[in-house]
Amino acid sequence: LTVIHDELVGWVSSFDAYRKGGDRQTWLSLWSGQPLKPNRKTGEPIYIPEPVVCVTGGIQPDVLPDLAGEAARNDGFLSRFLLGWPDAAPSPWSEEVVPERVVEGLAKVVLRLRIENREPVLTSLSQQAYREWVDWYNENTRLMTGASGLAASWAAKAPAHLARIALV
């Protein structure tokens, strides 16, 4: 699944609004693919053995400090966010469209990512990719050693983020 929130601060602030505890812990577990069994008052129980949920959304730079309290909890929640922002000025309007062949190619890639059976697929890095991974991993470890607080927490999650991106 993909969950889209226009304002991520509002999403995080809404945790546990309708019940005491659980939302934050559920999202912490989902990041690492832990089985999910939501408790429901009505209907049959649901069990999801291998959940995959991506959360995407926006946050204005001026609102980012509102998450400072979240960072102080030091439970690794914010470290699971993979932050990104554009490095360029907004582009003017364009009438240009994405060519159909590009859309079809993207659809093929996404469809190949689906797991058709439950058997794991082993993937190996090339020798050059492996050497680059080791170099990056060691550099990240050096950064982690000198960091503290949220920076150290993000650096600790960085190998999992990068490995997931590399697999895609």
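W11 and F77 are both buried (under 20% relative accessible area, with exposed meaning over 50% and partly exposed in between; 1.4 Å probe, protein chains only). The model is predicted, so local features were taken only at pLDDT of at least 70 and side-chain atom pairs only at pLDDT 80 or more, whereas totals for chains, interfaces and linings use all residues. Residues are numbered from 1 along each chain as its sequence is written, and side-chain values use heavy atoms, with hydrogens and water left out.

A search of the whole structure gave 8 aromatic pairs (rings of Phe, Tyr and Trp, the last by its six-membered ring, with centres within 6.5 Å; planes under 30 degrees apart are stacked, over 60 edge-to-face, and the rest tilted). The pair of W11 and F77 is tilted, because the ring centres are 6.1 Å apart and the planes stand at 40 degrees. W11 belongs to helix α1 (residues 8–13) and F77 to the loop between α3 (68–72) and α4 (100–113), so the pair ties together parts 66 residues apart in sequence. Helices here are DSSP runs of H or I of at least four residues, numbered from the N terminus. W11 and F77 also belong to one aromatic cluster with F15, W27 and F81.

W133 and Y137 form another tilted pair, with 6.2 Å between centres and 35 degrees between planes. Both lie in helix α5 (residues 127–146), 4 residues and about one helical turn apart. W133 is partly exposed at 24% relative accessibility, and Y137 is partly exposed at 38%.

The charged end of R164 sits over the ring of W31, 4.2 Å from the ring centre (criterion: NZ of Lys or CZ of Arg within 6 Å of the centre and within 35 degrees of the ring normal).

Technical notes: Helix = DSSP H or I, 4+ residues; strand = E, 2+ residues; numbered from the N terminus.
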